[in-house]
Amino acid sequence: MPRKPNFKKRPTTPDSKFSSVDVALFINRMMTCGKKSLAERLFYSALDIIETKIKDKPSVDVFRKAVENVTPVVKVKARRIGGATYQVPEPVDRLKGNAIAHRWIIQSARKRSAKTFIQNLANELLEAFENKGKAIELKEHTHKMAEANKAFAHYAKSM
C-alpha cells in the first residue's frame with residue numbers, strides 16, 4: 001500500500017487558439033524546461049503548415065485523427081513471476097493511450113532530420129494522419145509484442 005495518499009487530477013485548461021484540451025495536453029507534453037510559449041508557437045506553426053498542405057480539412061481535425069491513429073489499444077508490462085520476467089499484455093485506457101500517442105509523435109518528430117522541428121512535427125502528424133510514419137510503427141510494434149505474448153495474459157492482475 002502506498003504511504004502517500006492519492007492525488008486528485010487537476011483539470012487541464014483548454015488552449016487559447018482552438019479551445020481544445022487535447023491540444024493543450026499535447027503542448028504541455030512538448031514543452032521542455034517550462035517554456036510553454038515556445039511549445040505553443042512551435043505547435044501552432046506546425047498546424048499552419050498542415051493547413052497549407054491539406055486544404056479541405058481543418059488542421060485540428062488532422063491532429064486529432066493523427067493522435068487517434070497512433071493511440072495503442074494494448075501495451076505490454078513486465079511482470080516478475082517466480083524467477084522469470086514475462087511481458088504481459090494489458091489493455092490501455094483512453095487517457096493513457098493518448099498520452100502514449102503524444103509521446104510517440106513528439107519523440108518521432110525530434111528524431112527526424114529535416115531543417116526545423118516545426119517541419120518535422122508537421123510531417124510526423126501528416127504521416128500519422130495517413131497511417132504511416134515512425135509513430136505508427138511504434139504502435140504496430142507494441143501490438144505485435146502484445147499479440148506474441150498473449151499466452152501470458154492470465155498473469156495480468158494476479159498480484
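**Entry 1**

Before anything else I wrote down the cut-offs: I call a residue buried under 20% relative accessible area, exposed over 50%, and partly exposed in between. I also noted that the model is predicted.

I started with S19, which sits in the segment before α1. S19 has a relative accessible area of 58%, so I put it down as exposed, the cut-off being over 50%. I looked at its backbone too: S19 is not a glycine, yet its phi is positive, about 55°.

Next I went to C33, in the loop between α1 and α2. C33 is another non-glycine with a positive phi, this one about 60°. Is C33 buried or exposed? At 77% relative accessibility, C33 goes down as exposed.

**Entry 2: the overall layout**

I stepped back to the whole chain. I found six helices and two strands, and reading from the N terminus the order is α-α-α-β-β-α-α-α. The C-alpha trace spans about 55 × 35 × 25 Å along its principal axes.

The protein has 159 residues, and 36% of them are buried. I then checked how far apart in sequence the contacting residues are. Taking contacts with a separation of 6 or more, 60% are between residues 24 or more positions apart.

**Entry 3: the aromatics**

How many aromatic pairs turn up in a search of the whole structure? I got five. I wrote up F18 with Y44, which is edge-to-face, with 5.9 Å centre to centre and 65° between the planes. This pair links distant parts of the chain: F18 is in the segment before α1 and Y44 is in helix α2, 26 residues apart.

I checked the exposure of both partners. F18 is partly exposed at 28% relative accessible area, while Y44 counts as buried at 12%. F18 and Y44 also belong to one aromatic cluster, together with F26, F43 and F63.

**Entry 4: helix α2**

Since Y44 is in α2, I went through that helix next. α2 has 18 residues and covers 26 Å from first C-alpha to last, close to the 26 Å expected at 1.5 Å a residue. Its buried residues are A39, F43, Y44, A46, L47, I49 and I50. I looked for what they pack against and found α1, α3 and α5.

**Entry 5: helix α5**

Which residues of α5 are buried? I listed N120, L121, A122, N123, E124, L125, L126 and A128. The cover over these residues includes α1, α2 (36-53), α3 (59-70), α4 and α6 (134-148).

**Entry 6: V74**

I picked V74 in strand β1, which runs over residues 74-81. V74 is at 24% relative accessibility, so it counts as partly exposed, falling between the 20% and 50% cut-offs. Setting aside neighbours within four places in sequence, I found V74 in contact with E90, P91, V92, T142, H143 and A146. I also took one distance: the C-alpha atoms of V74 and K4 are separated by 29 Å, and the two residues are 70 apart along the chain.

**Entry 7: the largest pocket**

Last, I looked for pockets. The largest pocket holds about 170 Å³ of space. Which residues line the largest pocket? I wrote down K9, R10, P11, T12, V21, D22, L25, R29, R94, L95, N98 and H102. By type, this lining splits into five charged residues, four nonpolar and three polar.

I also asked which helices contribute to the lining. α1 (21-30) and α4 (94-111) each supply at least two of the residues. α1 and α4 had already come up in my α5 entry, among the elements covering its buried residues.

Terms used: Residues are numbered from 1 along each chain as its sequence is written. This is a predicted model: local features need pLDDT of at least 70, side-chain atom pairs count only at pLDDT 80 or more; totals for chains, interfaces and linings use all residues. Side-chain values use heavy atoms; hydrogens and water are left out. On a 1 Å grid over the protein atoms alone, a cavity is a set of points where a 1.4 Å probe fits but cannot get out, and a pocket is an open set with protein on both sides within 12 Å along at least five of seven lines; lining residues have an atom within 4 Å of a point. Grid points are joined across faces, edges and corners, and a volume is the space filled by probe spheres set on the points. Helices (H or I, at least four residues) and strands (E, at least two) are DSSP runs, numbered from the N terminus. Ala, Val, Leu, Ile, Met, Phe, Trp, Tyr, Cys and Pro count as nonpolar, Asp, Glu, Lys and Arg as charged, and the others, Gly among them, as polar. Buried means under 20% relative accessible area, exposed over 50%, partly exposed in between (1.4 Å probe, protein chains only). Contact means heavy atoms within 4.5 Å. The expected span of a helix is 1.5 Å times one less than its number of residues. Rings of Phe, Tyr and Trp (its six-membered ring) pair if their centres lie within 6.5 Å; planes under 30 degrees apart count as stacked, over 60 as edge-to-face and the rest as tilted.
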